[in-house]
Amino acid sequence: MARFHEAKLYGAYIRFPQRCTRCNGIANKTYEITVMSFLSTEHGVQAPICRRCYRVRKGGGIIIYTITGLFFISVMVIILGILGILISLVLVIPVIMFFHDYLDRFLNRRIIGVWGVRVSPSEHFLTLRFSDISLGQEVEKLTEQELQKSARGASEYEGESAR
Ligand SMILES: [Zn+2]
């Protein structure tokens, strides 16, 4: 059902084509795509984006965080009252982090078309998904080329298996 291209990319060498990932226009900004698994270290990937699409993504974030924030506050006030909220906030922080990760991914998927999925245990590899399959393949290829250019990166990539 899901239509996207998943690419496991060597994090330090990820390269995008220099055009807006959303509209293919001239990219004069970057948007940081966050890659993290629940409670793992957060990594940022800079996706090229035009000014207009950058504003759309930022605006989308403000709207959806305001709506979900107000919703959660209302539900908690109804259930717990103000004092209950202060006490349970400590317990609820992991839940907030989970929702943050989910919403961030949702917005990147819907608006930019590139979203982070996971960080490998070594933290060398970041898994991204692309709505535009050919863009995903292009990023994969550019990243691979960038990796090959770096002798240090290439030897790291092949690990100890070469010896
Ligand atoms: Zn754009």
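**View 1. Overall fold of the predicted protein.** Residue numbers start from 1 along each chain, following the sequence as written. Because the model is predicted, local features need pLDDT of at least 70 and side-chain atom pairs count only at pLDDT 80 or more, while totals for chains, interfaces and linings use all residues. The protein has three helices and five strands (DSSP runs numbered from the N terminus; helices are H or I of at least four residues, strands E of at least two). From the N terminus, the elements follow the order β-β-β-α-β-β-α-α. The C-alpha trace spans about 60 × 40 × 30 Å along its principal axes.

**View 2. The largest nonpolar core.** A nonpolar core is a set of buried Ala, Val, Leu, Ile, Met, Phe, Trp, Tyr and Cys residues joined through C-beta atoms within 7 Å. A residue is buried if 20 or more other C-beta atoms lie within 10 Å of its own, exposed if 12 or fewer, and partly exposed in between, with C-beta atoms placed from the backbone. The core holds 24 residues, and those with the most contacts inside it are I33, V45, A47, I49, V114, L128 and V139. Two or more residues each come from β1 (5-10), β2 (29-35), β3 (43-49), α1 (51-112), β4 (114-119), β5 (125-130) and α2 (133-149). Of the 163 residues in the protein, 20% are buried.

**View 3. Surroundings of A47.** Two residues are in contact if their C-beta atoms, placed from the backbone, lie within 7 Å. Apart from neighbours within four places in sequence, A47 contacts F16, T21, T30, Y31, I33, I112 and V114.

**View 4. The three-stranded open sheet.** Strands are ordered β1-β5-β4 with antiparallel pairing (a pair requires at least two DSSP bridges). Each of the edge strands β1 and β4 has a single partner, so one side of each lacks a neighbour in the sheet. From one strand to the next, the twist averages 30° (axes are lines fitted to C-alpha atoms, for helices over the stretch in contact; angles run from 0 to 180 degrees between N-to-C directions). Antiparallel β4 and β5 are joined by five bridges, and V114 stands opposite F130 in β5. Helix α2 packs on the sheet, touching β1 and β5, and its direction makes about 15° with that of β1.

**View 5. L135 in helix α2.** L135 counts as buried because it has 20 C-beta neighbours inside 10 Å. Beyond neighbours within four places in sequence, L135 contacts T21 and F130. L135 and H5 lie 130 residues apart in sequence, with 8.6 Å between their C-alpha atoms.
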